[in-house]
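Please read each point with the structure in view.

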Amino acid sequence: MRYRVRWAKRGKLRFLSHHDIATVFERSMRRARLPMAYTKGFSAHPKIAFGSGLPVGYGSEVELLDLELDEDVDPAAVRARLEDSLPSGLHALDVQRLGTKGKSLGELIVAADYEVECAAPWLDAAIAGFLALPTYEFARPYKGSMRIDDLRAGVVSMTPRTGGFSLRVVIKPRATRPGDVMKALAQIGDALDPLPAMSVQRTDLLTDGPEGPSSLLEGFDLVGAVT
């Protein structure tokens, strides 16, 4: 039986890598004594699949993972057992039972929403300047070399607000990171500090819908969520 878990990443555990987070969840599921389904073969491992990895240092109340159990367990019981087994800073907020077939999270997620807190005085003007550009070439490390991406094409929308901005970026074909967007804004704003202090919170994960991007969080309860 397949399940989808909505989970949160808070506090100091925001600074764990995606790989470390996956290890913590696998161990927590074992402690929770969930009847995990395993892959076949010499090095069998639990059938757990995460959504888009969250960059180190970012918080979120909207992370998703899919898992498969050998038994049909009530979703509320799965959530409670997992929540009791996770360390402080990681929280199982809700669990949905899925059908036996369906697209993976990796196939479904195409974009993500973020709230960025930053008090830079040049921020609003830099956002307007960035959005007015047709392209913005941005170099970043990739597999031992530097890769040039069009960062502007990865930003769907960006809206200034008091103390920061709201941001929607694409996940496919390549994930656009808020940190890279902030670096570009700092360059456009002629900031003395190339990367001002900021706090980032992921607020939604989106898939392609019949009328445009739609949230993957519909139907989830906000049990224990920080609002």
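1. A residue is called buried when its relative accessible area is under 20%, exposed when this is over 50%, and partly exposed in between (1.4 Å probe, protein chains only). Glu 68 counts as partly exposed because its relative accessibility is 26%. The model is predicted: local features need pLDDT of at least 70, side-chain atom pairs count only at pLDDT 80 or more, and totals for chains, interfaces and linings use all residues. Residues are numbered from 1 along each chain as its sequence is written, and side-chain values use heavy atoms, with hydrogens and water left out.

2. Salt bridges may be taken next. A salt bridge is a side-chain nitrogen of Lys or Arg within 4 Å of a carboxyl oxygen of Asp or Glu. How many salt bridges does this rule give? The count comes to 12.

3. Helices (H or I, at least four residues) and strands (E, at least two) are DSSP runs, numbered from the N terminus. Are the two partners buried or exposed? Glu 61 counts as buried because its relative accessibility is 8%, and Arg 10 counts as buried at 18%.

4. Glu 68 also takes part in a salt bridge, with Lys 47, at 3.9 Å from N to O. Since Glu 68 lies in strand β3 and Lys 47 in the loop between α1 and β2 (48–50), the pair ties together parts that are 21 residues apart in sequence. Lys 47 counts as partly exposed, with a relative accessibility of 32%.

5. A further salt bridge is formed by Arg 161 and Glu 117, whose closest N and O atoms are 3.1 Å apart. Arg 161 lies in strand β8 (residues 155–161) and Glu 117 in strand β5 (residues 111–117), so this pair ties together parts that are 44 residues apart in sequence. Arg 161, at 27% relative accessibility, counts as partly exposed, and so does Glu 117, at 39%. Elsewhere, salt bridges that share partners join Arg 2, Arg 4 and Asp 66 into one network.

6. Aromatic side chains deserve a separate point. Rings of Phe, Tyr and Trp (its six-membered ring) pair if their centres lie within 6.5 Å; planes under 30 degrees apart count as stacked, over 60 as edge-to-face and the rest as tilted. By this rule there are five aromatic pairs. The pair of Trp 7 and Phe 25 is edge-to-face because the planes stand at 65°, with ring centres 4.9 Å apart. This pair links strand β1, which holds Trp 7, to helix α1, which holds Phe 25, across 18 residues. Trp 7 and Phe 50 also form an edge-to-face pair, with 6.1 Å centre to centre and 90° between the planes. Here Trp 7 in strand β1 and Phe 50 in strand β2 are 43 residues apart. Trp 7 and Phe 25 are both buried, as are Trp 7 and Phe 50. Trp 7, Phe 25 and Phe 50 form one aromatic cluster.

7. Grid points are joined across faces, edges and corners, and a volume is the space filled by probe spheres set on the points. The search finds one cavity of 30 Å³ or more. The largest cavity has a volume of about 70 Å³, and its lining includes Trp 7, His 18, Phe 50 and Glu 63. β1, α1 and β3 are the elements that give two or more residues to this lining.

8. The largest pocket has a volume of about 280 Å³. Of its 18 lining residues, the closest to the centre are Ser 52, Gly 53, Pro 55, Ala 175 and Arg 177. Ser 52 and Gly 53 also line the largest cavity.

Key. On a 1 Å grid over the protein atoms alone, a cavity is a set of points where a 1.4 Å probe fits but cannot get out, and a pocket is an open set with protein on both sides within 12 Å along at least five of seven lines; lining residues have an atom within 4 Å of a point.
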